[in-house]
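Open the model and keep the sequence beside it. The tour starts at the ligand, then moves on to the annotated sites.

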Amino acid sequence: MSRQTQAIIHADAIIQNFKVLAALAPHSQSMAVIKADAYGHGAVNVARMLKHVSPRFAVAIIEEAIALRHAGITAPIIVLEGAHQRKECEMAAAHNCILVTHNEQQLSWIKACAVAERPQVWLKVDSGMHRLGFSIDDVEDILHKYKHAGVLNDNSVLVTHLACADDNENPFTERQIERFMQLAKRTHLGVSVANSPATIQWPESRGCWNRLGVAVYGGFRETSLSLAPAMTLRSSIIALRQVPKGESVGYGQTWTAQQNSKIATVGIGYADGYPRHCPNGTPVAVNGQPASLAGRVSMDMITIDVTHLPNVAIGDSVELWGENVSIGEVAEAAGTIDYELMTRVSARVPRIVKYK
Ligand SMILES: Cc1ncc(COP(=O)(O)O)c(C=O)c1O
């Protein structure tokens, strides 16, 4: 029998989460962000699941968009980083993709395309995050210049990204939204501001197009909304042993038995995307029962303490995150965020899509 390490992708959770989030903003439209293989959940699968509820999709780079086209996804796709090379502009037009442009070089590439081969263009504005986009003070000149050149038009959308939307007490978000919305009002263009945390907790950021990522997958759950985890990462016990009090387990002897202990070895490791930084005590669930990591994470295996569980056996199911173990809790234990855990589940782990 093959290794029982799988990421179960819960299609109903993804569809329901998207609907719950989109319903928060009934006066605007929402699209699912499916970059980075839909945060590790499988972009083609997720696009198919959300076909009837997400009228557009967002990815980071054109290669992601073209892979979706090859799989038969037809909805318009927003490419959040725009073109990295000139030839991507024609590719975007040919594949019905919208390029979010953030510098003049990208706009000049589009201007150099034959008129019939120009993609639709949205404009990225730096409202304070200082990562990508035109400075607020330059936007009106850019609009004037590139509308005149036939690159931008009245359907172009102004896009910005919020630096601190996940922190509902940080006044910086209000400042970013206010500066950006003042600009948008002057230009009379549609806006796209809100990511998941902003859609949930900064209503004034909801605009013409909200960009919903992590919460569609059940992340960002410190909210009263009922969002379900979309991925269960699971494996199984491949070995069991008694470890006498005082003996240690794993590389570097980082865990020592404080009593005579029962240790289960589980067939998943950092090569599968389980974070090597998870410390002793990180929660897992064995047949739905709480247990915890004991010893360092290896490339292909972890070891867990199951001393308190009387009936465990080789082959028993171990959940690393999902319904019983919160991915946020594991991320915190590893010193990172759920986004990183989701996107790092490696290609070695089969994704199994399940409907209820
Ligand atoms: C530009 C942009 N928009 C939207 C998103 C989606 O954000 P979230 O996953 O927080 O919903 C991201 C995610 O990284 C992004 O970079």
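A backbone N or O atom of Gly213 lies 2.9 Å from an oxygen atom of the ligand. Arg211 puts a polar side-chain atom 2.8 Å from a nitrogen atom of the ligand. The side chain of Lys35 has an N or O atom 2.7 Å from a ligand oxygen atom. Such polar contacts are pairs of N or O atoms within 3.5 Å; within protein, one must be able to donate a hydrogen and the other to accept it, and residues adjacent in sequence count only if both atoms are side-chain atoms. Taken alone, the ligand exposes 390 Å², and the protein buries 91% of that. These areas come from the Shrake-Rupley method with a 1.4 Å probe; for residues, only the protein chains shown count as cover.

This is a predicted model, in which local features need pLDDT of at least 70 and side-chain atom pairs count only at pLDDT 80 or more, while totals for chains, interfaces and linings use all residues. Residues are numbered from 1 along each chain as its sequence is written, and side-chain values use heavy atoms, leaving out hydrogens and water.

Around the ligand sit 14 residues, of which Lys35, Tyr39, Ser196, Val214 and Tyr339 come nearest. A residue counts here if one of its heavy atoms lies within 4 Å of the molecule.

The unreviewed UniProt entry annotates Lys35 and Tyr251 as "active site". UniProt positions follow the numbering used here, feature names are shortened, and annotations may be inferred rather than shown by experiment. The two span 217 residues in sequence and their C-alpha atoms are 35.2 Å apart, so they do not gather at one spot. Lys35 is part of the lining of the largest pocket. On a 1 Å grid over the protein atoms alone, a pocket is an open set of points with protein on both sides within 12 Å along at least five of seven lines; a cavity is a set where a 1.4 Å probe fits but cannot get out; lining residues have an atom within 4 Å of a point.

Lys35 belongs to helix H2 (residues 35–40). Helices (H or I, at least four residues) and strands (E, at least two) are DSSP runs, numbered from the N terminus. Lys35 counts as partly exposed because its relative accessibility is 29%. Buried means under 20% relative accessible area, exposed over 50%, and partly exposed in between (1.4 Å probe, protein chains only). Tyr251 is exposed, at 57%. Tyr251 lies in the loop between strand S12 (248–249) and strand S13 (255–256). Not counting residues up to four places away in sequence, Tyr251 touches Arg296 and Ser298; contact means heavy atoms within 4.5 Å.

Next come the annotated binding positions. The unreviewed UniProt entry places "binding site" at Arg131 and Met299. They are spread over 169 residues of sequence and up to 33.9 Å between C-alpha atoms. Arg131 is exposed because its relative accessibility is 56%. Met299 is partly exposed, at 42%.

Finish at Lys262, in strand S14 (residues 261–266). Is Lys262 buried or exposed? Lys262 counts as buried because its relative accessibility is 15%. Its side chain reaches the backbone oxygen of Leu309 at 2.8 Å. Lys262 and Leu309 are 47 residues apart along the chain, with 8.8 Å between their C-alpha atoms.
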